[in-house]
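Colleague: I would like to go through the labels on this model. Take me through the terms, please.

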Amino acid sequence: MEVHSRDYRDRARRIITETPEVRESVTAATRTFVDNRREAFADLDEAALSGWAKEVKSHALTHLADYLEEAETRLVERGAHVHWAETASDVHRIFERIVEENAVRKVVKAKSMLSEELALNPFLESCGVEVFETDLGEYIIQLLGEPPSHIVGPSIHKSLEDTRVIFHERLGTARDASPEDLAAAARDFLRETFLTADLGVSGGNFLVAETGSIALIENEGNIRLSTSVPRIHVALVGIEKVLPRWADLSTFLQVTAKSATGQPVGCFVSIIQGPGGSAAGEPDGPEELHVILVDNGRTRVLADPEIWEALRCVRCGACLNICPVYRQTGGHAYGYVYSGPLGGILNPGLVGLEETLPLPFASTACGACADVCPVRIPIPELLHVWRRRAVERGLTGSEERTALGLFASAATRSRLFGWAENLAGVLPDWVIRRLPMLREWSDGREPPRATGPTFRELWDEGIE
Amino acid sequence: MAPQSQGTGHPCYAYGGGLSTARRHFEKPAQLGWEHHAARQLPGHCTSLGPMRVSLFVTCLGDRFFANAAADAVRLLRSLDIDVDFPPNQTCCGQPAWNSGHVPEALQMATHTAAVFAKADYVVLPSGSCTAMLRCTYPRLLESPALAERSYELAEFVVDVLGVTELGDGLAGRRIAYHHGCHALREIGVKEQPLRLLESAGATVVPWEMDEECCGFGGLFAVKAPEVSVAMADRKLDTLPDVETVVSADGGCLLQLDGRARRRGKPVRFRPLASLLWEARLGSA
């Protein structure tokens, strides 16, 4: 996927000013998620769960190669094809071969953020393949030609009215169709598509090393169908998705669903561990199963001693939902697959700090995300690591560096500091409008008033 | 409350925070009256049992924009029999530099601040955010917990150190909303202390669905992403209950919310906690 993160500020401004309804949709939906999440954990020892989940994921990541090979062995034993892909073009080549060998014309896709990273849909289309997203939210934004705005609720930025309009145009539903009617129309269309597709593509929430099992969480049944109806199935699994033991899975399924939507567990959980009819005793499923283990920047993150913890992420989206910055714009402002606090820590690692520069700064460091992360990623701290590196690499601009340098010099000389403070309190409007930083402040806010004496002066006069 | 390392976790979690800290304060046994403070354990280097001595760290925003509130903090502490001292060389804690990734500059300011307050028994700040900087960031920046262990936000100091939970009844009949600054709330776990002092003085703290959501200030964030920052302030203002006054322990948040409210012509007053606490106290006279 192309990276547009450098335009964060412009994109955010346009969303806020030109499509104010996005802010309302995103805020309403994320607040519901947050409320549901709180309720889901109300009777549980959340700290114990997140502490345990953190340790399991950290262990898996620090023994990654071993567990991946174990998973591969189990999958191959059951007749699956396992591919290792370092980059998006590696993945593309694997798909190219599968498409050619099997004369694939139609693909159904379950929601996969990794496939967004890999720009899989445009690639398959360039091979002459029709691609249909089957998650309802993904289907809506595919019709609209937009990328997902949230890793769990891809069309979170759209209102019911937006969906009515596009479904009316494309599927011929009534202009005032109810949500039930809209879902039924999508179901009718997609059911036919599932039955005629040659190939299904999914992601993978977890990959259990011990048993070679890919676990997928969903609510609509579309993943169950995408992974079982077409003759061939391809699962794209990020290498960080590994869990060591089968016994780890049930807790992770619950923790993820609770954190994401507040559900006790997803409505459907699909476990894939081999093609159907295989000797290993999988009665159902596709004739051919391909599992692509994808790196795409993850080993680089893993090798980074200050950032590797970001790979614990289970993609629940809780940090997006609680983030007051994310809520104002939704995900499109962030210009890459991952948005919100997650985007701020992961995108620079996956595609480079230079390409994603403003994202670690697109946060007030309020810390709300750290409180809800089910695998305890120290998000504010990782954001700070990227900020520090941006400054060290001279990416934040000489203006800011000069201003803070001057500030720090003044701050170690109290008389100079007092003098500067006094000056700051009495700057006339026309100066404020011309000075960097103060100008941005006064665009939307009145400058602070400071006409009276400073505390220093009050103290010297004597406080009664 | 000694700082402790906790692996690679958020440094501030070493101090507890959020719910667990809030719960701890709830479960505290009935507090001793403030006059018993001399019997409480004093910092190790403090040799006499005379009146408690506190050094005020007014903070840069406090000095320039909330001078009267800082003076009210002095009045409040004196009324509680505390000797208040104001080391004149103090400036800024360095948080703006730290948060924006300028670590050497932050270190410079932290070193300066630590030297200024080296002899203080207690450092009290009328600011949750700057207290969080001293308590959560200084230990690793300066590789010393010395200042962290002695630094308190004003309401936290009054309630947790002095053991005072009732200042007076000077706020009887007042309806206010309280904005919890993010760092006060999540880094140093100050939540119940200010509410307790306000409510025990007769104020009604009106429920505000967004009282724990960030106001959008965030230091340089306010100027790096001004449109988002303003939208965040708007969300706070648009959900505000019907009150005349919004109170907060954090100057940055107050400037942000007040600046936006004035631009929109919204008639709400944004006032620093220190002033309200002094008004609470005045009612006891």
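Modeller: Start with contact: heavy atoms within 4.5 Å. By that rule, and not counting residues up to four places away in sequence, B:Gln90 touches A:Ser414, A:Arg456, B:Leu56, B:Phe57, B:Val58, B:Thr59, B:Val116 and B:Phe117. This is a predicted model: local features need pLDDT of at least 70, side-chain atom pairs count only at pLDDT 80 or more, and totals for chains, interfaces and linings use all residues. Residues are numbered from 1 along each chain as its sequence is written, chains are lettered from A and ligands numbered from 1 in the order written, and side-chain values use heavy atoms, without hydrogens and water.

Colleague: Why is B:Gln90 called buried?

Modeller: The relative accessible area of B:Gln90 is 1%. Buried means under 20%, exposed over 50%, and partly exposed in between (1.4 Å probe, protein chains only). So B:Gln90 counts as buried. B:Gln90 sits in the loop between β2 (83–85) and α4 (95–99) of chain B.

Colleague: What makes A:Pro436 partly exposed?

Modeller: A:Pro436 has a relative accessible area of 33%, so partly exposed is the label. A:Pro436 lies in the loop between α21 (429–432) and α22 (438–444) of chain A. A:Pro436 and A:Ala403 are 33 residues apart in sequence, and 9.7 Å apart from C-alpha to C-alpha.

Colleague: Which backbone atoms lie 2.8 Å from a polar atom of the B:Gln90 side chain?

Modeller: The backbone oxygen of B:Leu56 and the backbone nitrogen of B:Val58. A polar contact is a pair of N or O atoms within 3.5 Å; within protein, one must be able to donate a hydrogen and the other to accept it, and residues adjacent in sequence count only if both atoms are side-chain atoms.

Colleague: Why are α19(A) and α5(B) called roughly parallel?

Modeller: Helices (H or I, at least four residues) and strands (E, at least two) are DSSP runs, numbered from the N terminus. Axes are lines fitted to C-alpha atoms, for helices over the stretch in contact, and angles run from 0 to 180 degrees between N-to-C directions. The axes of α19 (398–411) of chain A and α5 (103–116) of chain B come within 9 Å and cross at roughly 10°. Angles under 35 degrees count as roughly parallel, over 145 as roughly antiparallel, 65 to 115 as roughly perpendicular and the rest as oblique. Therefore α19(A) and α5(B) are roughly parallel.

Colleague: What is the handedness of the crossing of α19(A) and α5(B)?

Modeller: Left-handed. That means the near helix is turned anticlockwise from the far one by less than a right angle; clockwise would be right-handed. Residues that meet there include A:Leu404 and A:Phe407 in α19(A), and B:Met109 and B:His112 in α5(B).

Colleague: How do you know that β2(A) pairs with β3(A)?

Modeller: Two strands pair if DSSP finds at least two bridges between them. β2(A) and β3 (130–133) of chain A have four bridges, in the parallel sense. A:Lys109 stands opposite A:Glu133 in β3(A). Three bridges join β2(A) to β4 (199–202) of chain A, also running parallel. In β4(A), A:Gly200 is the bridge partner of A:Val108.

Colleague: What makes β8 and β9 of chain A edge strands?

Modeller: The open sheet of four strands has the order β8-β5-β6-β9 in chain A, with mixed pairing. β8 (242–243) and β9 (268–272) each pair on one side only. Two bridges join β5 (206–208) of chain A to β8(A), running parallel, and A:Val208 stands opposite A:Leu243 in β8(A).
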